[in-house]
Amino acid sequence: MSTTASDPLAALGSLPGVPDAVDSVRKAVDRVYGHRVMRRRSNEVTAEAALRGSRGSAALAGADWNLEEVRRRTDFSGEDEARMVGAALRLTAEAGQLLSIWRQSPLRVLARLHLVAAGGATPDDAVGRPRLAGESVDEPLIEARPPGAEEVAGRLEGLSRLIIAGGSAPALVTAAVVHGELLALRPFGSHNGLVARTAERIVLIGSGLDPKSICPAEVGHAEQGRAAYVAAFEGYTAGTPEGMAAWITHCGRSVELGVRESTAVCEALQRGAA
């Protein structure tokens with residue numbers, strides 16, 4: 001990863017294709033925020049975006065349920081897919097409660113996210129903490145060998161310092177790096193993909209790019225498909241300028257597709273009110 005000493009993420013914003021992606025995302029977000037429905041019914045759009053984002057994140061984790069099934073279901077215990085969907089829903093609901101903590105203590109937030117995601121499905125002593133040496137990782141989508149516990153601890157500390165320090169990098173770049181790094185590290189024994197995508201959501205909201213949480217990147221990640229997601233992520237793990245740019249632009253396209261989804265929700269609400 002190419003960086004500068006004073007602002008390690010800033011250089012990523014100038015990689016080929018990334019400035020265009022950042023500009024395109026900003027314009028798309030501005031358009032949906034300018035929709036007339038947002039003036040009076042933004043809470044409804046936020047709620048629907050949360051539901052659709054949760055469905056998308058769960059789909060990437062292997063529980064690809066129809067939206068209406070997610071909407072009508074009340075019991076998410078039992079089979080593995082139901083528990084995965086339930087975990088995604090809980091994480092989305094929790095994300096908005098952690099914004100004030102994120103910039104001061106991101107590791108604390110990540111621990112809380114894992115606790116919420118696990119929901120009692122993981123042995124108590126493994127919940128809410130990075131895995132220890134010798135502990136296995138259950139992450140069905142990502143097949144690459146995860147780094148060892150010592151490397152995970154060091155890189156988590158480095159990521160935490162970057163977040164706390166802030167900087168001038170665009171929100172999209174920071175969100176993509178947080179997402180990619182957590183997916184690469186898979187710091188917990190389970191639910192790492194769900195946690196990584198929720199952390200991306202937190203960055204996008206907390207940065208002010210999407211303060212009302214109506215642009216669910218998870219929708220776009222799912223729409224582009226699991227194969228495209230994995231291929232773009234492999235670019236991140238390669239660490240080359242081209243690979244990093246491909247991952248960031250993939251995340252940008254995911255946000256734009258989330259915007260498209262919420263724009264359709266706005267249009268439907270407008271028609272219903274007419």
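Leaving aside neighbours within four places in sequence, Glu218 is in contact (heavy atoms within 4.5 Å) with Gly53, Gly56, Ser57, Arg197 and Arg201. Glu218 sits in helix α10, residues 217-224; helices here are DSSP runs of H or I, at least four residues, numbered from the N terminus. Because its relative accessibility is 4%, Glu218 counts as buried, a label for under 20% relative accessible area with a 1.4 Å probe, protein chains only.

This is a predicted model, where local features need pLDDT of at least 70, side-chain atom pairs count only at pLDDT 80 or more, and totals for chains, interfaces and linings use all residues. Residues are numbered from 1 along each chain as its sequence is written, and side-chain values use heavy atoms, with hydrogens and water left out.

Now for the holes. A cavity is a set of points on a 1 Å grid over the protein atoms alone where a 1.4 Å probe fits but cannot get out, and lining residues have an atom within 4 Å of a point. Searching the whole structure turns up two cavities of 30 Å³ or more.

| Cavity | Volume | Top contributor to lining |
|---|---|---|
| Largest | about 40 Å³ | α9, four residues |

Glu218 is among the lining residues of the largest cavity, as are Arg197 and Arg201. Glu218 also lines the second largest cavity, along with Ser57 and others including Leu91 and Thr198.

Note on methods: Helices (H or I, at least four residues) and strands (E, at least two) are DSSP runs, numbered from the N terminus. Buried means under 20% relative accessible area, exposed over 50%, partly exposed in between (1.4 Å probe, protein chains only). On a 1 Å grid over the protein atoms alone, a cavity is a set of points where a 1.4 Å probe fits but cannot get out, and a pocket is an open set with protein on both sides within 12 Å along at least five of seven lines; lining residues have an atom within 4 Å of a point. Grid points are joined across faces, edges and corners, and a volume is the space filled by probe spheres set on the points.
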